Amino acid sequence: MATTTSTTQTLPNNTNTNLSFSNYLHSLSQTPHRLRKRMLATWTPDQELNQVRQRSGADMKRKLKWYDLMALGVGGMLGVGVFVTTGSVAHKTAGPSVFISYIIAGISALLSSLCYTEFSVQIPVAGGAFSYLRVTFGEFVGYFAGANILMEYVLSNAAVARSFTEYLSSAFGQDDPKIWRVEVDGLIKGYNMLDFPAVALILLLTFCLCHSTKESSTLNLIMTVFHVVFFGFIIIAGFCIGSTNNLVKPKGLAPFGVRGVLDGAAIVYFSYIGYDSASTMAEEIQNPSQSLPVGIIGSVVITSLLYCLMALSLCFMVPYNKIAEKVSFSVAFRQIGWDWASNVVGAGASLGIVASLLVAMLGQARYLCVIGRARLVPSWLAKVHPATGTPLNATLFLGLCTASIALFTDLEIVIEMISIGTLLVFYLVANALIYRRYVIITNNPPFQTLLFLFLLSSSAIGFSMSWKLNQQRWGLPLFGMSTVAIIAFFKYMVPCVCNPTGWSMPFMPWPAALSIFLNVFLMTTLKKFSFERFAIWACFITLFYLLYGVHSTYKAEEREGTGIDEVNPRTAVQQIKLEIQHFLCYFILFREFPSSKEEFRSDRMTKLIVHKNVKANENQITTVFFCTYPFPFCYSIT
């Protein structure tokens with residue numbers, strides 16, 4: 001009898017597996033048709049703000065103000081680059097002119113932040129570049145950018161967490177930055193130094209972010225204030241005890257030439273990732289049309305200024321050829337005899353790295369949440385916890401991924417791959433802004449704008465390759481002048497109107513076009529292996545889209561088109577039960593305390609006024625009539 005029962009239970013399971021596999025094979029056979037329908041499919045900003053956002057089940061809570069956003073941007077950027085990249089770039093790439101590299105990267109970041117700001121005001125959702133590109137160029141371009149920005153977040157967070165271990169060991173007076181890592185024989189070099197403190201830090205921050213965004217923002221605000229004061233100490237000390245002779249000795253201000261300065265700019269661009277995290281807070285900011293421009297642009301300007309002063313102070317203290325590649329600021333103070341300051345710098349840098357990690361991990365979870373809303377990844381990653389208002393599943397998933405990479409992978413392996421992904425996404429956003437302003441808002445024919453973007457990118461590539469191949473005599477003047485001519489001709493010939501509501505980029509198309517040019521130029525300065533690794537990643541995410549993403553979004557849109565709700569019926573029943581309990585509490589309070597009538601009516605929460613035919617059990621709730629202030633509605637689930 002037991003054998004018969006077991007066989008009976010196994011047969012349906014096998015049948016379901018076979019059906020699922022056959023359904024998937026059928027879906028794969030429909031890939032060309034589904035690609036045609038979904039690859040260039042766009043959403044309107046209104047759909048992105050309402051219909052798509054509702055897929056998370058609960059809204060993120062709007063608790064942040066403009067100063068929270070600025071602190072998030074500053075905190076997210078400050079600890080990332082200046083402690084991680086400055087020493088190695090000064091020593092090997094740019095020399096004392098590393099501060100000029102930061103200026104060039106800062107100008108490019110500022111232009112990109114202007115593009116982000118206009119988009120974030122028009123489309124204040126948590127998706128950042130993914131949402132901006134999806135409403136402009138379609139699903140695949142948005143997905144490609146979103147996947148790249150996620151890759152950049154995870155890798156940069158892992159790299160920064162490993163730097164935290166190095167600076168923390170310096171705070172305790174250790175000379176060897178690798179002393180707290182565990183070397184494992186048999187693993188490939190670059191992956192054989194296990195970093196358990198970095199893993200512990202990432203997991204701790206992950207659990208903090210799961211709890212509450214507002215509390216995490218307050219913690220970041222406090223750490224950022226201390227961090228800026230700490231930066232002031234390093235800058236003042238560096239200028240006071242350093243010497244201008246260190247800027248020109250032993251081989252001048254730019255020992256590696258102009259090429260070294262520009263190569264350094266491409267590497268330190270990694271330091272400006274944090275403002276992108278600030279744009280992902282759009283769903284949680286109060287008064288987004290005013291707070292977002294102040295928070296995003298202000299954070300980039302403040303951070304650029306501090307980066308340049310910090311790089312200068314380092315080169316004031318120590319000649320570039322004696323700057324340590326790791327924990328460079330701590331070692332610099334030790335070299336001039338300030339051992340106590342070296343320990344203070346190690347502790348302060350560790351605090352700054354914690355702040356930047358907090359912001360970056362905040363942003364990466366919101367990116368994945370919005371990509372999950374689009375059904376390009378499994379939908380459970382899009383869920384927002386109703387009590388905390390945070391994307392819980394996305395935060396936990398990415399926290400574990402980041403911790404896994406931080407455990408094994410050395411900083412040098414990922415840092416240039418991070419830069420190319422960041423530059424590509426910012427390049428796409430600048431293109432999208434020009435297309436949106438000139439085609440979607442102004443209603444010009446798309447051909448003119450697409451031709452302009454193509455010629456502009458081609459000219460930028462020509463200029464960059466002339467620089468890379470040492471064709472300065474004819475290549476640079478030709479392509480440089482052609483770039484200026486293309487932008488000027490387009491501005492003169494094609495009309496443009498500003499966005500009627502909210503903040504708009506001034507002097508279009510010059511800022512966005514220059515952002516495109518700089519991003520292309522900085523990308524071409526990166527090394528060959530960066531493009532090779534990036535190509536592997538691009539192939540992987542494209543394959544994932546073909547095997548999963550396009551089919552998932554096609555089915556989701558098909559269900560919505562036929563009016564089929566994607567919400568889990570059991571979850572919906574539990575939610576309605578909870579609502580009924582709340583409404584009954586209001587009903588009882590209203591009956592017991594009639595003097596509170598006006599107070600209850602002024603509250604926009606829904607009240608249970610009449611309830612009839614309510615049949616609530618584990619399987620079914622039929623018609624429930626509610627009345628909301630000021631509109632009535634009927635909620636029915638079978």
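Me: What joins the side chains of Ser515 and Ser112?

Reply: A polar contact of 3.2 Å joins them. The term covers a pair of N or O atoms within 3.5 Å, where within protein one must be able to donate a hydrogen and the other to accept it, and residues adjacent in sequence count only if both atoms are side-chain atoms. By the way, this is a predicted model, where local features need pLDDT of at least 70, side-chain atom pairs count only at pLDDT 80 or more, and totals for chains, interfaces and linings use all residues. Residues are numbered from 1 along each chain as its sequence is written, and side-chain values use heavy atoms, with hydrogens and water left out.

Me: Why is Ser515 called buried?

Reply: Its relative accessible area is 0%, and buried means under 20%, with exposed over 50% and partly exposed in between (1.4 Å probe, protein chains only). So Ser515 counts as buried. Ser515 sits in helix α21, residues 510-524; helices here are DSSP runs of H or I with at least four residues, numbered from the N terminus.

Me: What does Ser515 touch, leaving out residues up to four places away in sequence?

Reply: Leu111, Ser112 and Ala430. Touching means contact, that is, heavy atoms within 4.5 Å.

Me: How do you know that Gly298 is buried?

Reply: Gly298 comes out at 18% relative accessible area, so it is buried. Gly298 belongs to helix α14, residues 288-317, and touches Met70 and Pro293, not counting residues up to four places away in sequence. Gly298 and Tyr67 are 231 residues apart in sequence, yet their C-alphas are 9.8 Å apart in space.

Me: Why is Leu25 called partly exposed?

Reply: Leu25 has 43% relative accessibility, so it counts as partly exposed. Leu25 is in helix α1.

Me: What makes up the nonpolar patch on the surface?

Reply: Tyr24, Leu25, Leu543, Leu546 and Leu547 form it, with about 400 Å² of accessible area together. Two elements give two or more residues: α1 (2-29) and α22 (528-561). The biggest giver is α22, with three residues. Patch residues need over 30% relative accessible area and no salt bridge, and nonpolar side chains (Val, Leu, Ile, Met, Phe, Trp, Tyr) are joined within 5 Å.

Me: What makes the reach of helix α8 close to the expected one?

Reply: Helix α8, residues 139-171, has 33 residues and reaches 47 Å from its first C-alpha to its last, close to the 48 Å expected. The expected span is 1.5 Å times one less than the number of residues.

Me: How many residues of α8 are buried?

Reply: 31 of its 33 residues, so α8 is mostly covered.

Technical notes. Patches are made of residues with over 30% relative accessible area and no salt bridge: like charges are joined within 9 Å, nonpolar side chains (Val, Leu, Ile, Met, Phe, Trp, Tyr) within 5 Å. Accessible areas come from the Shrake-Rupley method with a 1.4 Å probe; for residues, only the protein chains shown count as cover. A salt bridge is a side-chain nitrogen of Lys or Arg within 4 Å of a carboxyl oxygen of Asp or Glu.
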